[in-house]
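Let's take a walk through this model together.

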Amino acid sequence: MERHRYRGRVDNRQAIGSWLSGPRAAAEDMGVDFGYRGQRLGLPQSGPGSVARFGRRLGAVAIDWVGCQLIAYGLITHGDLRATGNWTLAVFVVLSVLTVATVGFTPGKRIVGLRVVAEDGGRLGVARVLLRTVLLALVIPALVWDRDGRGLHDRLARAVQVRI
């Protein structure tokens with residue numbers, strides 16, 4: 001272990017490294033086996049049907065958001081930038097509820113190859129899609145993940161985003 005003195009305190013670089021990498025990495029270093037993402041749900045580790053990674057999910061939301069901004073700007077607010085923000089969110093909620101409840105994905109999710117399914121692999125009902133979308137619109141639940149990489153909005157709706 002490498003130790004450095006700084007104004008009378010001892011700095012343990014290994015401890016700082018484990019703290020920065022997060023509790024999961026620290027637990028794995030101690031021998032805890034979490035398995036792969038989606039294993040508890042009975043999903044494959046990779047390929048079609050596996051849990052979608054954060055980058056793909058973020059890309060899908062970005063594509064959907066830009067599309068909703070264009071719709072709000074061009075069709076609803078007729079070019080008034082000040083009113084576009086609230087309308088963009090409204091269009092996003094409507095788009096998400098309608099498309100996920102009917103076909104299982106939004107246009108952005110389809111482009112990046114994702115689908116939203118129930119934990120048992122079936123389709124989500126309208127009520128669960130509505131709950132998921134409202135929580136997603138609040139943003140914070142989507143930023144809290146479980147060990148399978150699902151956002152709180154997906155976990156509460158008993159949904160999972162998988163690769164197709």
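## Around Val 116

Leaving aside residues up to four places away in sequence, Val 116 touches Val 100, Gly 104, Lys 109, Leu 124, Arg 132, Ala 159, Val 160 and Gln 161. Contact here means heavy atoms within 4.5 Å.

A quick note on the source: this is a predicted model, where local features need pLDDT of at least 70, side-chain atom pairs count only at pLDDT 80 or more, and totals for chains, interfaces and linings use all residues. Numbering runs from 1 along each chain as its sequence is written, and side-chain values use heavy atoms, with hydrogens and water left out.

## The core

Val 116 also belongs to the largest nonpolar core, which has 8 residues, among them Val 100, Ala 101 and Leu 124. Helix 4 and strand 3 each supply at least two residues of this core. Such a core is a set of buried Ala, Val, Leu, Ile, Met, Phe, Trp, Tyr and Cys residues joined through side-chain atoms within 4.5 Å. Buried means under 20% relative accessible area (1.4 Å probe, protein chains only).

## Strand 3

Strand 3 (residues 114-118) is largely enclosed by the rest of the structure, because 4 of its 5 residues are buried. Helices (H or I, at least four residues) and strands (E, at least two) are DSSP runs, numbered from the N terminus.

Strand 3 pairs with strand 4 (residues 159-163) in the antiparallel sense, over 5 bridges; pairing takes at least two DSSP bridges. Across the pair, Arg 115 stands opposite Val 162.

## Helix 4

The buried residues of helix 4 include Thr 84, Phe 92 and Val 100. Their cover includes helix 3 (54-76), helix 5 (107-112), strand 3 and helix 6 (126-137). Just after helix 4, Gly 104 takes a positive phi of about 90°.

Technical notes:
Buried < 20%, exposed > 50% of the residue type's maximum accessible area, 1.4 Å probe, protein only.
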